[in-house]
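Reader: Hi! I'm new to reading structures. Could you walk me through this one?
Author: Happy to, just ask as you go.

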Amino acid sequence: MSHYSLANLVRHGLTGHRGWKPAWRDPAPQAGYDAIIVGGGGHGLASAYYLAKNHGLNNIAVLEKGWLGGGNTGRNTTIVRSNYLLDANAHFYEHGMKLWEGLSRDLNFNVMFSQRGVINLAHSKGQLETFRRRGNAMRLNGIDAELLDRDAVATLVPGMDVSANSRFPVEGGLLQPRGGTARHDAVAWGYARAADRRGVDIIQNCEVTGIRRDQSGVTGVETSRGFIASKRIGLAVAGHSTQLAAMAGLRLPIESHVLQAMVSEPVKPVLDTVVTFGAAHLYVSQSDKGELVMGGDIDGYNSFAQRGNLPVIEHVAACLLALFPQFSRLRILRTWGGIMDMTMDGSPIIGTTPVPGLFLNGGWCYGGFKATPASGWVFAHTMATGQPHALNADLNLNRFHQGRVLDEKGAGPYPWLH
Amino acid sequence: MSTNGFRLPHGGLPHGRLIDRGREISFTFDGRAYQGYHGDTLASALLANGVRVVGRSFKYHRPRGIYGLGSEEPSALVRLRTGARGEPNIRATQVELYDGLVAHSQNNWPSLRWDISSALGLFARFLPAGFYYKTFMWPGKLWPHYENIIRHMAGMGRSPEGLDPDRYEKRHAQCDVLVIGGGPAGLAAALAAAESGQQVWLADEGAQLGGASQGMRGDEGDEAVRKTIATLESLDNVTLLRRTTVFGKYDGQLYGLVERAGDHLASPAIGRPRQILWQLRTKQAVLASGAIERPLIFANNDRPGVMLTTAALGYLRAYAVRPGRRAVIVTNNDSAYEAVRILREGGVEVAAILDHRHMTEQRALPGTETLYNHAVIDTAGRRGLTSVSIARLDVNGDAVPGSERRINCDLLCLSGGFTPSVHLYSQAGGKLTFREDIQSLVPTSQVPGMTVAGAATGNFIPNTAPPIALGRSRRKQFIDLQNDVTAGDVELAAREGYRSVEHVKRYTTLGMGTDQGKTSNLNGIAVLAAALDKPLADVGLTTYRPPYTPVTIGTLAGRDVGTFLAPTRRTPMQACHEQAGAAFVPAGLWQRPHYYPRPGEAMADAVNREVLAVRQNVGIVDVSTLGRIDLHGPDVAEFLNRIYINGFKTLVVGMCRYGVMLRDDGMIFDDGTVARMAESHYIMTTTTANAGPVMAHLEYYLQVVWPDLRVHLTSITDQWAVVAVAGPRARELLDSLDSDVEFANQALPFMAWRGGHIGGIPAQVFRISFSGELAYEIAVGADHGRALWEMLLAAGEAFDVAPYGTEALTTLRTEKGHFVMGPEADGRATADDIGLAAMLSSKKDFVGRRSLRLPGLLPKGRLNLVGLVPADGTSAIPPGAILLDRAVAGPGMDKAGHVATSVFSPSLDKPIALAMVRNGRQRLDQPLWAHSPLDNRIVPVTITGPIFIDPQGERLRA
Amino acid sequence: MLLIPCPHCGPRAQTEFSYGGDANVARPPAPEDADGGTWVDYLYLRDNAKGGHDELWQHIFGCRRWLRVGRDVVSHEITSCTELAESGA
């Protein structure tokens, strides 16, 4: 009786919560599986869950080098949105948004999805027109969007400086009301628990050290816990996609960069919306615990170190004070870094690879967390059928060779500019 | 002052070294006035006044008191100061008392004493770690309400409000040796380094150097430390930073330090910053950050009056404050026995010392009961400790039934061993190893550039017994006091499969409070290890993340606040525009005139007037923001030929040429003109936004790809002031000036340039046009910009000259069908998309050319630049509209394109737009619908060519 | 913050530099003759070694030279910084 509900919480409370079962098993790896997913983060676990749920596969393993949810799932700024311009991205992320909206109940795990709205601030007429185009595209793609003028922004985000005196006065903004935040760790845990209940073996502390293949395609993975056979292997190891792909002889249009994030000390509710600054790179929201959660640009050079340097932190602080001068005396409690797969066009890669049986889910750049459900959904489809889902058909690896990149920012093949 | 008997009288004992009894200080806490001494911390002063409850806990709103002595304090968080200087979550143990200090307790309502939310304690059994993951899921629409309640229950203090009146600074420095920590080990290291002639910096978070144990070394030890400090102070090669926390280790041997330069005062001294962010690069660092005492875990171990032993001793010796009247000490190591002596010497009755360890050797401490194999199993006292329950332990560490008894006390000193403060070492990538004898993780690997010294190494720490196995208790046994994480929470996490230490941290929030788990992390691991039945060494440790203690956001921002967030670039004529009452618009870092409203004139009217002035008379616009790059060298023509899509080898001296450059991925990167100034001298202009990127792009190809080309580049944007004079009467206006330049068509034809003087100012005149009118761009030295502008305005009066801004510029170029970077060429557009295929040279290679053969870049099916007019001739075309082939939008419908730039054309007296439309050039005269659901508008439009005015270019050649 | 030893300006803070990525990307000398795969590889494929990494940095607030920097992308330790010509690239 480990269904999560208020009734069971009360019932277990009466017996000191000693009756709760483990959220997931701790199985030993079997000799082989119908499908193996490398990477026990949100994406890998979601993929396994949907493979089991949507495609009826349950002889599946998720192999995780460390502890599940220990990568970028546990290191992001928890923002969920689908406010994209380009159709391929918009449809994909909006599908994800719809999954988010039912996720807690689907997983029977409260991921604390909070649709508090995401507003992108504009600081010039030109920027507002760019937002208009994106907002209109979103609306025509069935995504919610509202264009706000300065007064409406001020009403939506009380306490923000929208005066003309600031260095980059706020002109208005593009709001996605259904956007918001979710409790990031809970997403990994919720998918893990739900996948485990459907028979998926989640194997932690199991590092993949090699990918075995023959002429027909992949045959399995070498791991720190021995060889595990499978003719279907999905990589969901964003940050380290190039490393894993290299084990199968693949080079990817991806660089690894460090992205820092930080939280302030917790305070009582003071910011009810996710805000992004338009004159420089800053996004900020307040967690349910009360911390301001902030991020900015990647540090801007290749890195596999889960730590960054002060310039980005200083810049994020300055941008925050540009919008909310009153937070000057608040304090930063913790900063950290995560390793991003930065693709050459700023959009993810999710689909088949030239190696038969090997599938890739990576290149998430800044956008991985919010993509978790949609990514799992379409990756499961791709792995189960061998064909991309309509939603990831354009997100393929081949687009670079075709010259059909999805350059949301129009910044060119410079990962540090996306 | 009233002492309540907690402050020791001035007497023979060496107590109170940090306070100055000659300087009494008044302060208030929760509105009540108290007295303390200069040198007190808020914590010591509150204890001296008998104040025990100082706050309420995060989750259960339990009363909490002062628990530690310094930055390890988990509980005693207050709101400090008032108004715009008010700040939440400040550790009372680190606040230096100043006269008039105002502090308030937090996280309680209506008052600290009576806190409604403490009733939550009654339901605590239903609120275990992570309870929120298991409920509030049905019905989904109620979740926002649940969430709202959760948010308000959480959150500790209130956010600051108002504009921070204080100033923050950043400073950079270098040294040979940075010593972190001013205790005996740090002082000794600093002295040794200084004596060998190195530049030494020493930082300590306290107001006084000497370390945590000051006042406890005995007179002799204190004297030695004082001497070392005096010596260091006298040395020129030593910099001592007090009140300074080294919070982070970064790359390149850079350390982040925060000096709290003004926090010990009511307000910073005039002209002085409140805090300073130091970025210090050092060759070598000595980490002498000491060790922090660990608490012990038992039921209700959080009441006010429960305190770390080191803290109790510190208050007593350094501040002459008795932290209680009757104490019990509970320990698992030898350090506590000395504590008994010190407490008693300070007049604190020590009822008993309980030692977890099985020992046979009896230490006689007359007047204090010494109980081996004993532990505290519970405490009592509603708003502060009144008694402890103790029990004898059996060999398994469980309480022996029937052995329980109660001891009255108001102070319980916890002595659970010490944890080395290795945060910075771990940040630097150092590895930790568990040492059984002291039950701590200690540094064991080499970190380049860092030496660990003193107690931070794990040395000097007494042998410590492993934590005892915890009896199952329904009562809360706190590990993390700040986040109200109990042993039961950690056990629950383990039971539910959250077995990685990182999982436990995230599931229970253990160690995630503002104290970063300084007193709780290791105990949490110990409890987890017991729950998993694993050796503690195998459980691991969560990652140490900077900062060591929280850093003020204002300090990180420094002076980059307000209008200093980014530099503001101003053209040489900015003052003229301001005087003319221009409305400004940001363009990157520039502020450009948007339009020049006349009194009473609305924006649209002003823009239309400016446009018509250019079309009918003459207008002037400041284009100094355009990037300007000087190219010298014998290979410039070849270089330009490779950079631009069109040919530059035939450009002769005295002429200009328009060029478009691509990125190597085939997308348009920038456009502008190049003038050949002399045989091997050219000047290139770029767009305003891309001035920097183009320069870097050119340098990349010159230095990395074609280092053999002899070309030298110089950015000269800032050295020139440039004015475009445009309109049918432009030549008349210029002819009216005192100038040796001949402006006539024959002498200065379209796309030519000439040098000369205007009004005595050396000038370069370029016959180029963005507006489509007869136009000249006049470039003069930046210092002459204002004179030129004023000269043109004065002379132009006769021609009804109008200064015009970027909005009129946009209208003019839209009428003329000129694309710009951004709206039309958005980084995803090829030259063919924009209609520039004819410019693509077939005779040469150029950057980006090869990409044009990739399938996705072939012209078919791509977006083309076209014009749009409203089908009814009058309806404005919504900016940012998406173009569909139908009036009614449907799901999944293919988009035909989008509106890129939409303006009202006063010249044509109707709305027009530039748009990017799929296969648009093949679709001229076809209808489309411009959908703008954001403002509920759908406007039928007709596709046209992009050039609305003078398609033959007669006007600009006039 | 990285400290990059510019061969012209001495050791300078990372904030004076602009990043240019993998230094071993070689632009095909005759792009028009390059086959599609070669060209696309040049455009989009980078070494993403976890360890030693040769990369370009431009000293934009200094000598403005594009420099070749050897850096470990795990420890961030910089092992070399040279003019491109000197490194034989």
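Reader: How many residue pairs are in polar contact between chain B and chain C?
Author: The count is 14 residue pairs, both residues being at pLDDT 80 or more. A polar contact is a pair of N or O atoms within 3.5 Å; within protein, one must be able to donate a hydrogen and the other to accept it, and residues adjacent in sequence count only if both atoms are side-chain atoms. Before we go on: this is a predicted model, where local features need pLDDT of at least 70 and side-chain atom pairs count only at pLDDT 80 or more, while totals for chains, interfaces and linings use all residues. Residues are numbered from 1 along each chain as its sequence is written, chains are lettered from A and ligands numbered from 1 in the order in which they are written, and side-chain values use heavy atoms, with hydrogens and water left out.

Reader: Which elements give two or more residues to chain B's side of that contact?
Author: Those are strand 13 (275-287) and helix 16 (691-705) of chain B. Helix 16 gives the largest share, eight residues. Helices (H or I, at least four residues) and strands (E, at least two) are DSSP runs, numbered from the N terminus.

Reader: And how many salt bridges are there between chain B and chain C?
Author: Four. One of them joins C:Arg27 to B:Asp664, with the closest N and O atoms 2.6 Å apart. A salt bridge here is a side-chain nitrogen of Lys or Arg within 4 Å of a carboxyl oxygen of Asp or Glu.

Reader: Changing topic: is A:Leu321 buried or exposed?
Author: A:Leu321 is buried, with a relative accessible area of 6%. Buried means under 20%, exposed over 50%, and partly exposed in between (1.4 Å probe, protein chains only). A:Leu321 lies in helix 8 (residues 310-323) of chain A.

Reader: What is A:Leu321 in contact with, leaving aside neighbours within four places in sequence?
Author: Its contacts (heavy atoms within 4.5 Å) are A:Phe327, A:Ser328, B:Ile553, B:Gly554, B:Ala557 and B:Val561.

Reader: Nice! How many residues of helix 10 of chain B are buried?
Author: 10 of its 12 residues, so the helix is mostly covered. Among them are B:Ile525, B:Val527 and B:Leu532.

Reader: What do they pack against?
Author: Partners of the buried residues in helix 10 include strand 23 (418-420), helix 9 (501-508) and helix 11 (536-539) of chain B.

Reader: What comes after helix 10 of chain B?
Author: B:Asp533 follows, and its phi is positive, near 55°.
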